[in-house]
Amino acid sequence: MRTAFRLLAMTVLLGGLSCWVLLGAHRGWTKNQVPVQHTDEITSIQYVTYEQRFVPGIDFLLASIGLAGGLSAASFFFNRNPPHP
Amino acid sequence: MIMKKILLVSLVLSSVLNAAPTSFDFKDPKGVNAIQFSLDSLLEPISGNGSGVSGLVSFDPANVGATSGKIVVTTASLTVSNSMMTDHLRGEKWLNAPVHPEIVFELVKLDNVQTTGTTTTATATGKFTLNGVTKSLTLPVKLTHLAGAFGKRLNKPEIGGDLLVIRGGFTINRSDYAIMAGQMEDKVNPEIKLTLAIVGSAPKA
């Protein structure tokens, strides 16, 4: 059980880090809709529409690290070797 | 001679009476209108917009100083890049959209009016209502009157009508409008920057 928790912690940490890096390594807040700028031809007004896309931010990365740390800490509540009958 | 004078006076009177201001509707058929807002925060500025713009502005290019009207933005249309933040923004602790559904600017007067061609710059003073609090507000504005451009914008040049573009910007302090006054100032800046670039339409039948 102890090993399982540690493997899970490692998976969460690596998964979170990979997701953050592969989806842009955004150093701001996590976005789940991204602003796209357009210009109206006649009036020259610049306006924004939102595109539904997930961009993990620093808060996502910190949450992954925190969850991995929690799982890793929880692993210490289990014995190294389960008692034999 | 008398007939000529009567004719001249009636012509002048007729032109004055016909130069009535035009009412521009700011519920844009192309959905372009929005106010943009930005607040500094811990990681990066929180930026978003409010696209639920409506309102009527009465404008006469021959007498810009007499412009009057009201612009309304629905609170529930305010959106940022994170849906959880958007929910918080519209929620009870921040702008409480169900209780205060509208953000309103009602123009009281225009000062320092300077017109060059189709563009006028001026200082607008009005009553600004946000989160149920109304305060007097002064901001620089730029008005651009695009005569005959309504149909062209909709790719229907056969439809006549004018457009009026209003641009402006101002900064408010959220504590002035009872928006989490004095709270979370280390995470969300107390100052909110607002800019608007909106177009009103006056189609002609």
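Glu106(B) counts as partly exposed because it has 16 C-beta neighbours inside 10 Å. The cut-offs are these: a residue is buried with 20 or more other C-beta atoms within 10 Å of its own, exposed with 12 or fewer, and partly exposed in between, with C-beta atoms placed from the backbone. This is a predicted model, in which local features need pLDDT of at least 70, side-chain atom pairs count only at pLDDT 80 or more, and totals for chains, interfaces and linings use all residues. Residues are numbered from 1 along each chain as its sequence is written, while chains are lettered from A and ligands numbered from 1 in the order in which they are written.

Glu106(B) sits in strand β7 of chain B, residues 102-116. Strands (E, at least two residues) and helices (H or I, at least four) are DSSP runs, numbered from the N terminus. Phe128(B) lies 22 residues from Glu106(B) in sequence, but 6.5 Å away in space, C-alpha to C-alpha.

Two residues are in contact if their C-beta atoms, placed from the backbone, lie within 7 Å. The table leaves out neighbours within four places in sequence.

| Residue | Contacts |
|---|---|
| Glu106(B) | Lys70(B), Gly126(B), Lys127(B) |
| Ile35(B) | Asn49(B), Gly50(B), Val53(B), Val73(B), Leu194(B), Leu196(B) |

Ile35(B) also belongs to the largest nonpolar core, which has 44 residues. Such a core is a set of buried Ala, Val, Leu, Ile, Met, Phe, Trp, Tyr and Cys residues joined through C-beta atoms within 7 Å. Ile35(B), Val53(B), Leu164(B), Ile198(B) and Val199(B) touch the most other members. Strand β11 of chain B, residues 191-204, gives the most to this core: 7 residues.
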